[in-house]
Amino acid sequence: MGEYVSSALFVHTEDSRQFVAPLQSNDIGATVTAVTFDALVRDAESVLKDVSHVVVSGASPVIRAVLELASRYDFSVGIIPLPFQKDLARTYALPGDRDQAIALSLRQATCRVRLIRCGDTVVLTKAVIGRLPMLDAAQDTGRWGMVVQAVKKFVGLRLLPFRFFTAGGQKVRTAACGCVVVPYPVGNRAVRKIQRYVAAGDSLVTVVISSPSSIVRYLHFLSQILALFARKPRQLPSTLGFIKSSSIDIESDADLSVTIDDGATAEVPVRFEALPGRVRLNLRQRFLDENRRAGAAGEKLNIRSLPRGKDELST
């Protein structure tokens with residue numbers, strides 16, 4: 001069968017039952033056995049015995065659980081996004097067409113990728129702390145829709161104290177309205193535009209930090225982000241900074257929650273950790289090309305635009 005698997009286990013929920021029949025009647029000749037997610041959870045060791053490839057479709061907690069099992073049992077994974085999972089599809093460059101998504105899910109795994117964990121939770125698309133105009137917009141939001149949302153979010157926006165600690169022992173004390181972790185920037189419109197600066201390397205966590213200290217700087221930042229939709233970036237937009245490390249601990253004196261993907265939550269303080277090469281995913285060449293260009297070699301900080309030390313709350 002060459003580039004396709006000969007057999008696969010399909011893990012589904014009620015929402016993704018629609019894919020059972022087309023998967024089992026595939027033109028590739030692969031034998032597909034369907035199992036519900038609940039059955040997998042009840043007896044994972046027995047269900048996964050002799051399984052080398054799993055196709056999964058379901059809500060984010062289902063996909064996270066399968067990826068965690070893949071890191072433990074070392075089977076490859078194909079993901080079929082549900083129609084409403086636009087962020088997931090864009091993040092991993094997954095096809096929107098059903099037949100194309102099925103075909104991709106049954107290919108031999110093309111790439112080992114790392115997982116990003118926020119505490120004990122795998123981050124699939126993004127993890128947001130605080131308020132991040134433009135950077136936390138839904139990925140199906142148009143350019144001007146993002147601007148409208150961003151202008152509205154300035155009302156009540158304030159800088160909060162943050163402390164960041166890297167695996168390499170660096171400490172950053174600053175003030176920001178929020179920060180975001182994006183596992184793979186190809187899927188996030190605003191972050192993708194500054195990809196050369198903040199793209200996640202194969203073994204790193206990247207935290208993007210936003211610190212607009214005045215309405216003037218905020219509007220200037222919005223104009224910079226909008227300009228990036230039309231051209232390649234020459235410099236990091238003002239009010240932004242980033243930290244790249246294999247693990248990053250985040251603390252704050254404020255009571256802050258972390259919103260992960262489409263609803264999972266954690267509380268600050270929190271640790272983000274990269275687990276390199278942890279799972280094998282079926283991915284399109286577009287994803288591989290984008291993230292190959294985005295690769296980063298080691299720990300790096302760009303925090304020149306962020307308030308530091310005694311000046312951190314002067315705004």
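## Strand pairing, a buried helix face and cysteines

In strand β14, the residue that forms the bridge partner of A127 is I260. This pairing, like everything described below, is taken from a predicted model.

A127 lies in a strand, β7 (residues 127–130), that is joined to β14 (residues 257–260) by three bridges, and the two strands run antiparallel. Both strands belong to an open sheet of seven strands, whose order is β15-β14-β7-β10-β11-β12-β17 and whose pairing is antiparallel. The edges of this sheet are formed by β15 (264–267) and β17 (300–302), each of which pairs on one side only. When direction is ignored, neighbouring strands of the sheet are turned against each other by 20 degrees on average. Strands of a sheet pair through backbone hydrogen bonds, in either a parallel or an antiparallel manner.

Strand β7 also contains V128, which counts as buried because its relative accessibility is 9%, below the 20% that marks the limit for burial. The C-alpha atom of V128 is separated by 9.7 Å from that of V207, although the two residues are 79 residues apart along the chain.

Strand β8 (residues 160–166) contains T166, which is counted as buried because its relative accessibility is 9%. The side chain of T166 is joined to that of E299 by a polar contact of 2.9 Å. Leaving aside residues up to four places away in sequence, T166 touches I243, S245 and S247 as well as E299.

| Residue | Relative accessibility | Class |
|---|---|---|
| T166 | 9% | buried |
| V128 | 9% | buried |
| C111 | 22% | partly exposed |
| C179 | 1% | buried |

For the cysteines, the structure holds zero disulfides. C179 is in no disulfide, and the nearest cysteine sulfur, which belongs to C177, is 9.3 Å away; a disulfide would require the two sulfur atoms to lie within 2.5 Å. C179 counts as buried at 1% relative accessibility, whereas C111 is partly exposed, with a relative accessible area of 22%.

Among the helices, α6 (residues 98–105) has as its buried residues A101, I102, L104 and S105. Seen down the axis of α6, these buried residues fall within an arc of 165 degrees, so they line one face of the helix. The elements that cover the buried residues of α6 include the helix α1 (20–24) together with the strands β3 (53–56) and β4 (76–79). At the start of α6, a side-chain oxygen of D97 reaches to within 3.1 Å of the backbone nitrogen of D99.

Key:
Residues are numbered from 1 along each chain as its sequence is written. This is a predicted model: local features need pLDDT of at least 70, side-chain atom pairs count only at pLDDT 80 or more; totals for chains, interfaces and linings use all residues. Side-chain values use heavy atoms; hydrogens and water are left out. Buried means under 20% relative accessible area, exposed over 50%, partly exposed in between (1.4 Å probe, protein chains only). Helices (H or I, at least four residues) and strands (E, at least two) are DSSP runs, numbered from the N terminus. The arc is that of the directions from the helix axis to the C-beta atoms. Contact means heavy atoms within 4.5 Å. A polar contact is a pair of N or O atoms within 3.5 Å; within protein, one must be able to donate a hydrogen and the other to accept it, and residues adjacent in sequence count only if both atoms are side-chain atoms. Two strands pair if DSSP finds at least two bridges between them. Axes are lines fitted to C-alpha atoms, for helices over the stretch in contact, and angles run from 0 to 180 degrees between N-to-C directions.
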